[in-house]
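Here is a short briefing on one chain. Look over the sequence and the fold before reading on.

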Amino acid sequence: MALKLAMFVEGLDLPEEAIGLDNEKIERAAYRAINFTADRARTDSADLIRKQVNFPASYLNPSQGRLKVASKAGPGDLQAMIIGRHRATSLARFVTSGTPGKMGVTVAVKPGKTEEMAKAFIMTLRAGTSIDTAQNLGLAIRVERGKTPDKAYKPVRIADGLFLLYGPSVDQVFRTVREDVSPDAEKTLEKEFNRLIGLELS
């Protein structure tokens, strides 16, 4: 499941000088403004997400599909949607030091803050495992058989007493920043709509 952030043009005020303008031109200005705003809001969301979680900039590039404008506005459909990937992120992506196969790593999930994990280790996963780190590496931890890791975020059991560890999903962090992005998005939408209406009038 992916979080959807929809932006509508409901409530936009048509400039007084544009009253009587052809409806097709008004609609064209509206959907172009929505799409411009959606792209800007996606970028702003990515910037805020990276202030909370130590994702590389390339990780949230729209071409990667983890945070993207999933649908754009067009004639008869005046909305755009931004979605964040729901799948949890491998904690291996946040490892700052450690040797594959050896116990003990440090991770930095939050920018500028590292944490030592004495009982965790980097392991190479089988080909085809659903994970997106370089060389298909995962961060694993061994616990007493029949138990699960304490305070772990959605650990995945791969054997009795052996779990892969994960950090927050893009979707999860997106939920915490979308309200911060919305006010600027509304202003951008109105400003861009008025600019495009001005072009239609020229």
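Where is R157 found? R157 sits in strand 10, which covers residues 153-159. The model behind this briefing is predicted.

**Overall layout**

- The chain has two helices and 11 strands.
- Read from the N terminus, the order of elements is β-α-β-β-β-β-β-β-β-β-β-β-α.
- The chain has 202 residues, and buried residues make up 42% of them.
- Contacts between residues at least 6 apart in sequence were also sorted by separation: 58% of them join residues at least 24 apart.

**Helix 1**

- Helix 1 spans residues 23-52, which is 30 residues.
- From first C-alpha to last, helix 1 reaches 43 Å, close to the 44 Å expected at 1.5 Å a residue.
- D22 caps the N-terminal end of this helix. A side-chain oxygen of D22 lies 2.9 Å from the backbone nitrogen of E24.
- N35 belongs to helix 1. Buried or exposed? N35 counts as buried because its relative accessibility is 13%, under the 20% cut-off.
- Beyond its neighbours within four places in sequence, N35 is in contact with K72, A73 and A80.

**Nonpolar cores**

- The largest nonpolar core holds 44 residues. Those touching the most other members are I49, F55, L60, L67, M117 and L139.
- Both helices contribute: helix 1 and helix 2 (170-201) each supply at least two residues of this core.
- Strands that each supply at least two core residues include strand 2 (67-71), strand 3 (79-84) and strand 6 (105-110). Strand 8 (120-124), strand 9 (137-142) and strand 11 (162-167) also each supply at least two.
- A second, separate core has eight residues, among them A88, M123, A140 and L164.
- Which residues does I49 touch, not counting those up to four places away in sequence? I49 touches F55, L60, L67, V170, V173, F174 and V177.
- As background, nonpolar side chains tend to be buried together in soluble globular proteins.

**Largest pocket**

- The largest pocket has a volume of about 730 Å³.
- Its lining has 27 residues, and the closest to the pocket centre are E115, M117, D150, K151 and A152.
- Which strand gives the largest share of the lining? Strand 7 does, with five residues.
- Strand 6, strand 7 (113-117), strand 9 and strand 11 each supply at least two lining residues.

**Exposed residues on strands**

- R157 is exposed because its relative accessible area is 52%, over the 50% cut-off.
- R157 touches L162 and F163, leaving out residues up to four places away in sequence.
- R157 and I141 are 16 residues apart along the chain, and their C-alpha atoms are separated by 9.9 Å.
- K113 is in strand 7. Why does K113 count as exposed? The reason is its relative accessible area of 54%, again over 50%.
- K113 touches V107 and A108, with residues up to four places away in sequence not counted.
- K113 and N54 are 59 residues apart in sequence and 9.4 Å apart in space, C-alpha to C-alpha.

- E192 has its place in helix 2. E192 counts as buried because its relative accessibility is 9%, under 20%.
- The side chain of E192 makes a polar contact with the side chain of R195 at 2.8 Å.
- Setting aside neighbours within four places in sequence, E192 is in contact with A33 and F36.
- R85 is in the loop between strand 3 and strand 4 (89-90).
- With which side chain does the side chain of R85 make a polar contact? The partner is the side chain of Y59, at 2.9 Å.
- R85 and G65 are 20 residues apart in sequence, and their C-alpha atoms are 7.6 Å apart in space.

Note on methods:
Residues are numbered from 1 along each chain as its sequence is written. This is a predicted model: local features need pLDDT of at least 70, side-chain atom pairs count only at pLDDT 80 or more; totals for chains, interfaces and linings use all residues. Side-chain values use heavy atoms; hydrogens and water are left out. Helices (H or I, at least four residues) and strands (E, at least two) are DSSP runs, numbered from the N terminus. The expected span of a helix is 1.5 Å times one less than its number of residues. A polar contact is a pair of N or O atoms within 3.5 Å; within protein, one must be able to donate a hydrogen and the other to accept it, and residues adjacent in sequence count only if both atoms are side-chain atoms. A nonpolar core is a set of buried Ala, Val, Leu, Ile, Met, Phe, Trp, Tyr and Cys residues joined through side-chain atoms within 4.5 Å. Buried means under 20% relative accessible area, exposed over 50%, partly exposed in between (1.4 Å probe, protein chains only). Contact means heavy atoms within 4.5 Å. On a 1 Å grid over the protein atoms alone, a cavity is a set of points where a 1.4 Å probe fits but cannot get out, and a pocket is an open set with protein on both sides within 12 Å along at least five of seven lines; lining residues have an atom within 4 Å of a point. Grid points are joined across faces, edges and corners, and a volume is the space filled by probe spheres set on the points.
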